[in-house]
Amino acid sequence: MNEVATPTQHAALAARVSEACAAAGLVGEPQAEALEALEALDYPTTRQERWKYTRAARLLKVTPTASAPLQAPPVVVESLDALRFTFVAGQHISGETLDEGAEGCFVGPVSVALERYPERLKAWSNSAFATQEWFAALQASAPQDGVCILVPAGHKLQRPVLAHHHMPDGAHVAQPRHLVHIGDHASAEAVLWSDNTSHAEGMMNAAITASVGNGASLSLEIIQDEPGTVHHMGHHHFTQGSNSNLTVRTATACAHWLRNDLHILQDGTHADSTFHGCYLPNGDQFVDHHTRIDHAHPDGQSNELYKGLAADKSTAVFNGKIMVHKDAQRIEAYQSNRNLLLGEQAAMYAKPELEIYADDVRCSHGCTTGQFDKEALFYLRSRGMTETAANNLLVQAFLAEVLDGFRPEIRDHVHSVFARRLGWI
Amino acid sequence: MSASEENPLLDEFTRKEYEFGFTTDIAADKLEPGLNEGVIRLISSKKNEPEWMLQWRLEAFRIWQTMEEPDWAHVNYEKPDYQAISYYSAPKSKVPLGSLDEVDPEMRATMDKLGISMEEQKRLSGVAVDFVMDSVSVATSFKDKLADLGIIFCSMSEAIQEHPELVRKHIGSVVPVKDNFFSALNSAVFTDGSFCYIPKGSKCPMELSTYFRINEAGTGQFERTLLIAEEGSYVSYLEGCTAPQRDENQLHAAVVELIAKDDAEIKYSTVQNWYPGDAEGKGGVFNFVTKRGICEARAKISWTQVETGSAVTWKYPSCILKGDGSIGEFYSVAVTNNAQQADTGTKMIHLGANTHSTIISKGISAGNSQNSYRGLVQIGPRARHARNFSQCDSLLMTDTSGAHTFPYIETKNPTAHVEHEATTSRIGEDQIFYCLQRGLTEEQAIGLIVNGYAKEVLNKLPMEFAVEARKLLTISLEGSVG
C-alpha cells in the first residue's frame, strides 16, 4: 500500500481545510511558525516512528462541503452545574462569558478573550505541537473558536467549566482551539466535551493548550463521544510549574478514527501529574492514544493509567513515553497500560517507552494484553447472570479504575455509551 | 557532587584499560581496503567457492548498494566508510593442520592469553572449539568425535566445500539477504564463520563453542553462522568474543541463523567483550549483528547473552515461532560504561498456536553510556493462545548515563496473553548500606547486588560461561556506583 502522500495531495488538503475554516470564521491570527511548519513538515506516514500504526493517509480524502448550520445541539450531562459553552464546528453558539475584569477570572470563547484581553493571551497561547506535527501546524494555521479559561494568581474558579463542541451532519472541518491558563496558586476544573451527530463526517482537528502556574491545580476531563465518521486529531499540550498539580482524564467513549497526542511538560520542581484514559473501539474503528511526559526538573511525580478494549475488527494503539531529563533527579514516574482484546480480528499495538537520563529515579511501566477471565465469567453466569450482563459487569469492573476518577454523571454517561455500542444493554 | 568525588573507585574503574587489548603479530594475507564486485569475486575465489555461492554474494552486493544504513536505533556514531575497510584477511600459514601442535606458536600464545588453552579445554571441559582468528578457522577439535554421531561442526568455508547442499538450502532462509543493511553487507562479503548440523534425534554431547577475535587492524569481521537442528535434536552453542585495542573503529556485522526443526532445541549463549573504546569513546568495535532463529512445531530456541563490550551495539536476537507449541526465550544482560552505546533487545514473532516466549532483559548503565532495550512482541492473527512475558529492568550507576526502554507490543489475536513490565532505578543505597553493615566492602556489596540483579540471566548460561560472565560483570562494575 502506498502510504507516501505526494506533496500536492497534502498541500491540497491544507488548502481545502484552511479555506473551509476561513469561510466559517477564524479566531485570531494564524501562528506564523505554524504556517512555516506546514510547508516544512512531512505529512505523517507509517514510515515515521510516531505514526507507525496510524494511517493518516485516509485523511487526505477529507473534503469539507457544506457550511455548518449553527444550531444548538442537545445539552449534555444536564445534571452537572457548570459554566456552559457550546461550539458547533469551531463556532461559538451559546454560553455566557464570565468576565471579572482585567485582574479577575475570565471564562468564555477564545474569540471574546482575544477582543478583550489580547495581552493576557499573548505569552502562552501558541501550541508547542504546531511546529512539530503537520496536523497541529494545520490547526494553528487556521484556528477556530474554543473555550478560554483564564484564572489569575490566587483565584479559585468556583464552578467547573463545561465546553461542548459539536459536529453536525455533513462533511465539515473544525479546528477549535481551547486555551487554559491557571495562574500561580490558582485552581480550576473543566470538562471538554466533543460529540457528533451520527451522520457527521469530515475532520475535527482540535488543540488544547494549557499552562498551570506554580502551586496551581487543574483538573480536566476530556470526553470524546463521536458517532459518525469524523476523523479526530487531538493535540493536547500542558505545561506545569513548580508544585503544581495536573489531572487529565480522557474518555474516548466513541470514535470512528481518532488520534490523541497528549504532552505534559513538567517545567518546575515537585510537579505532580496524573493522566488517565480509557477507550473501547469496536466495528472497524481506530483509536490511537499517544502520550508523553517530560520530567525536566527534579522531584516530579507522574502517574499514568490507560485502559482499553478492542472489539470486533477494531484497532487500538497506545504509545506512552516517559522522558526523564538529565539532572531531573528523584523522579517517580509510573505508567500502566492494560488492554483486553475481544474481537477475533481486533488488534492492539502498545509501545510503552522509558527514556531516562538521570540516575536517582523510580520509573516503571507495565503493559498487558489479554482477554476476559473465563473463570470470572463462569462465576457470574453460575450466579444467574446472562452472558450480556456478565460481560457488562466485567467491562465495568475493568474500566472502573479509570472511569471512577471522572465525575459520577460523566462516568455513567461514558459507561452507558460503551454498553450501548457493544449491545450490552 | 560528581560521581567521582562520591566514590573514588569510579575513577579507578574509568581509568581501567581494556584487559584483552593486545595484538598478535602474525603475517596476514590481507586485501586492500575497498568494496566492489572485484573484491567479492576475489574473496569467493580465494575460498575456492562454487559458482552459486559467488552469484549469491554478488546478488547480495547489488541489493546492499540500494540500501541505506539504518538510523532508527538510539545510538549515535560516525557511520563507517565502507570503502575504507579491508574485506579479507587470513593468517598466512595455511597448511591444513593435522593436530593442535601444528598451530602457529604465536597464535597458540594468543589463545593462552585469552584463556582458551585448547588442550586444557579439550581435556577438562570437553568443549569443542572452533577458533576463528580474523576470518579463517585455524583449528577445530573434537570434530571426529562429533562426526561419529553424524554431527557436522566446521567452519563455514569448509561447509561450503563439503556440504554445499545443506548450506545452499538453508543459508539466507532465516535472515534473508535484504533483511537489513548489515545482513546484505554480510551476505556479500562474509569470509567465514561456523556451521553446525545436528541430525535427527541426536543430542550433541558437548557444548559447541567458537571464539571470535578481530585481530588485524582495520579489518571488519563478517561472520556467518548457520546452525541446523533436525527433528528432535538438541544442541547448546557458546560464542565468546574479545578483540584487541584499536583506535580505529572496527566494524563487525555478523549474521547468525538458527533453524530448529520439530521438537528440536537450540540453546545459543554469547559472552561479548569486544574493545569498547577508551573513556572518551574513541575507537571501539561497532557490533551490528543480525541473529535470528526459526522454530518449527514444539521446537525451542533460547538466546542468552552477556554484552559488556563494543562501542556501539545494534543487536536483536530474534525468534520466529512458526510451529505450533514452539518456545522462544531471550535472556540478556547488557552492561555499558564510559561512552558505550547499546541498542539491543529481541523480537518474538508468534505465528503458530500455543507459542510461548519469555524475555528477561537486564540493562546496567555506568559512566556516560546509553543503554536501550528495544523489543518487539508480535502475536499474529493465527497464534491462538500465545503467551508472552517480558521483563526489562534497568539499573543506573551514574547520573550521566541513560537507560531507555522501547518495547513494541503488537497483538492480533484475542486469545493471546501478553505481559510487559519494565523498571528503572538506581542501585539501592539501602541495599548497599545493609551489606556494609554486615561487614562487606562497598565493592563487594556492589558485586553482590549486581550479580544478584543479573542472576536470572547468568543462571541460564552454561557452566563454563557463567564463570566468565560473572567475572566480566564484576570487573565491569565493581566500584562504578555514582
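Let me start with two helices of chain A. Helix 2 (residues 32–40) and helix 5 (residues 134–141) of chain A pack with their axes 8 Å apart, at an angle of about 140°. That makes helix 2 of chain A oblique to helix 5 of chain A, given that angles under 35 degrees count as roughly parallel, over 145 as roughly antiparallel, 65 to 115 as roughly perpendicular and the rest as oblique. Axes here are lines fitted to C-alpha atoms, for helices over the stretch in contact, and the angles run from 0 to 180 degrees between N-to-C directions. Helices (H or I, at least four residues) and strands (E, at least two) are DSSP runs, numbered from the N terminus.

Before going on, the ground rules. This is a predicted model, in which local features need pLDDT of at least 70 and side-chain atom pairs count only at pLDDT 80 or more, while totals for chains, interfaces and linings use all residues. Residues are numbered from 1 along each chain as its sequence is written, and chains are lettered from A and ligands numbered from 1 in the order in which they are written.

Back to the pair. The crossing of helix 2 and helix 5 of chain A is left-handed, meaning that the near helix is turned anticlockwise from the far one by less than a right angle, with clockwise being right-handed. Which residues in helix 2 of chain A meet helix 5 of chain A? They are A34(A), L35(A), A37(A) and L38(A), and on the helix 5 side the partners are W134(A), A137(A), L138(A), A140(A) and S141(A). Contact means C-beta atoms, placed from the backbone, within 7 Å.

Helix 5 of chain A is mostly covered, with 8 of its 8 residues buried. A residue is buried if 20 or more other C-beta atoms lie within 10 Å of its own, exposed if 12 or fewer, and partly exposed in between, again with C-beta atoms placed from the backbone. The buried residues of helix 5 of chain A include W134(A), F135(A) and Q139(A).

Next, helix 7 of chain A, residues 387–403. At 1.5 Å a residue, its 17 residues should span 24 Å, and the end C-alpha atoms are 23 Å apart, which agrees. The expected span is 1.5 Å times one less than the number of residues. Helix 7 of chain A bends by about 30° at A397(A), the bend being the angle between axes fitted to the seven residues ending there and the seven starting there. Its buried residues are A390(A), N392(A), V395(A), F398(A), L399(A), V402(A) and L403(A). An α-helix has 3.6 residues a turn, so residues three or four places apart point the same way. What do the buried residues of helix 7 of chain A pack against? The partners are strand 15 (272–279), strand 17 (301–310), strand 19 (331–341), helix 6 (374–382) and helix 8 (408–421) of chain A.

Now chain B. Chain B has 14 helices and 24 strands, and buried residues make up 55% of its 482 residues. Of the contacts in chain B with a separation of 6 or more, 84% are between residues 24 or more positions apart.

Two helix pairs there. Helix 3 (residues 37–46) and helix 4 (residues 51–66) of chain B have axes that come within 10 Å and cross at roughly 150°. Helix 3 and helix 4 of chain B are therefore roughly antiparallel to each other, and their crossing is right-handed. Helix 11 (residues 429–437) and helix 12 (residues 442–453) of chain B pack at about 125°, with axes 9 Å apart. Helix 11 and helix 12 of chain B are therefore oblique to each other, and this crossing is right-handed.

Last, some single residues. R330(A) has a phi near 55°, a positive value in a residue other than glycine. R330(A) sits in the loop between strand 18 (315–324) and strand 19 of chain A, and counts as partly exposed because it has 15 C-beta neighbours inside 10 Å. N338(B) has a phi near 50°, also positive in a residue other than glycine. With 21 C-beta neighbours inside 10 Å, N338(B) counts as buried.

Y408(B) is in strand 23 (residues 402–411) of chain B. Leaving aside neighbours within four places in sequence, Y408(B) is in contact with K351(A), G375(B) and L376(B).

Conventions. Two residues are in contact if their C-beta atoms, placed from the backbone, lie within 7 Å.
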